[in-house]
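Here is a short tour of one protein model, taken a piece at a time. Keep the picture open while you read.

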Amino acid sequence: MALVFLYMTLFRIFSLVFFSALIFNVAEAGDAPLNLLSTSGGIASPSVQSALGENPGGLPNNEDSKIDAAVVRGLTNTTWGGGASFFTGNGKVGGGIALQGFNTQANSPGRVALLNYGVGTKIPKINMAFGFNGTTRLFKKGEVQGTGTGTTWCVDTGVIFNPDGDTRIGFAVFQLLAGVDAIAAGIAQKVTNNSMLVLDGAMTNGQKNFIIKPGIKVGLDVFQISTSYGHVLGQKSWTWIRPGLEFGAGVFLGKSFRLYGYVNHFATALLGLSWYL
């Protein structure tokens, strides 16, 4: 009941912000605020941070240098983690690097440390953004479930067509060196300068599971909020994009800091803080 109450409260808050954006259409908030928060699967419209683990074609949207710190509850109830990352870019070329650690306290405790890195660039002549990211497992002891650490080294790649336009189309391929775990595609459509509708989908290789995830997000200069819902088609087993209802929100604390968080997006829950240099 507490979880239902939380979701309903978040939904009411989102509805108020979303329809306020539709009515007032704040002109000074352009693409940059919409790039601060991910929704759906992060394929057609990832955030400047989530592009490192979703569609790396979004990495060129980084326009500032920033240091991030985050804590996360993993895909299982017993897995917790945290990490620090650095992102930089000029709106045309961008990249990031992150160090993450996870700890599982269960019948078989385990720990793992990961290094994530990626870079992307926009190619104006063909109106496309392209990027890739990689993950290297630095350390593993015991069993750590729900962290996506099945291989020692993996590479993802992705593109976004019309990356600065009103209609954006994204494609991504995950874990190229492990036989391609999943492929994903999505489309995003700006409704106003401050709001966007998104539809992402993914197919998991081997299990042949499909998931589609429609979502909406609002990006204002000070505050951002998003929500989406993932529908699984086929077997009700693991999917690359998380199923069910999700929420995300971010708020600037002055000019140098931004607090953001997600529920049921990358993991069960995530809370992060960005420091703009």
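## A glycine in strand β2

G89 sits in strand β2, which covers residues 79–89. Strands here are DSSP runs of E with at least two residues, while helices are runs of H or I with at least four residues, and both are numbered from the N terminus. G89 is buried, since its relative accessible area is 18%. The cut-offs go like this: buried is under 20% relative accessible area, exposed is over 50%, and partly exposed is in between, using a 1.4 Å probe and protein chains only.

What does G89 touch, once its neighbours within four places in sequence are left aside? It is in contact with N62, E63, D64 and G94, where contact means heavy atoms within 4.5 Å. G89 and N61 are 28 residues apart along the chain, and their C-alpha atoms are separated by 7.3 Å.

A quick note on the ground rules: this is a predicted model, so local features need pLDDT of at least 70 and side-chain atom pairs count only at pLDDT 80 or more, while totals for chains, interfaces and linings use all residues. Residues are numbered from 1 along each chain as its sequence is written, and side-chain values use heavy atoms, with hydrogens and water left out.

## Strand β1 and its partners

Now look at strand β1, residues 66–73, which is joined to β14 by 8 bridges, the two running antiparallel. Two strands count as paired if DSSP finds at least two bridges between them. Within this pairing, A70 stands opposite G272 in β14.

β1 also pairs with β2, again in the antiparallel sense and over 8 bridges. Here V71 is the residue facing G82 in β2.

## Rings that pair up

How many aromatic pairs does the structure hold? There are 4. Rings of Phe, Tyr and Trp (its six-membered ring) pair if their centres lie within 6.5 Å; planes under 30 degrees apart are stacked, over 60 edge-to-face, and the rest tilted. One of the pairs is F161 with F171: the ring centres are 6.2 Å apart and the planes meet at 80 degrees, so this pair is edge-to-face. It links distant parts of the chain, with F161 in strand β6 (residues 153–161) and F171 in strand β7 (residues 167–174), 10 residues apart. F161 is partly exposed at 34% relative accessibility, and F171 is partly exposed too, at 41%.

F257 and W275 make a stacked pair, with 6.2 Å centre to centre and 10 degrees between the planes. F257 lies in strand β13 (residues 257–263) and W275 in strand β14 (residues 269–276), so the pair ties together parts 18 residues apart in sequence. F257 is partly exposed at 34%, and W275 is partly exposed at 42%.

## An isoleucine in strand β8

I183 belongs to strand β8, residues 182–192. Is I183 buried, or is it partly exposed? Its relative accessibility is 39%, so it counts as partly exposed. Neighbours within four places in sequence aside, I183 is in contact with A172, V173, G201, A202 and M203.
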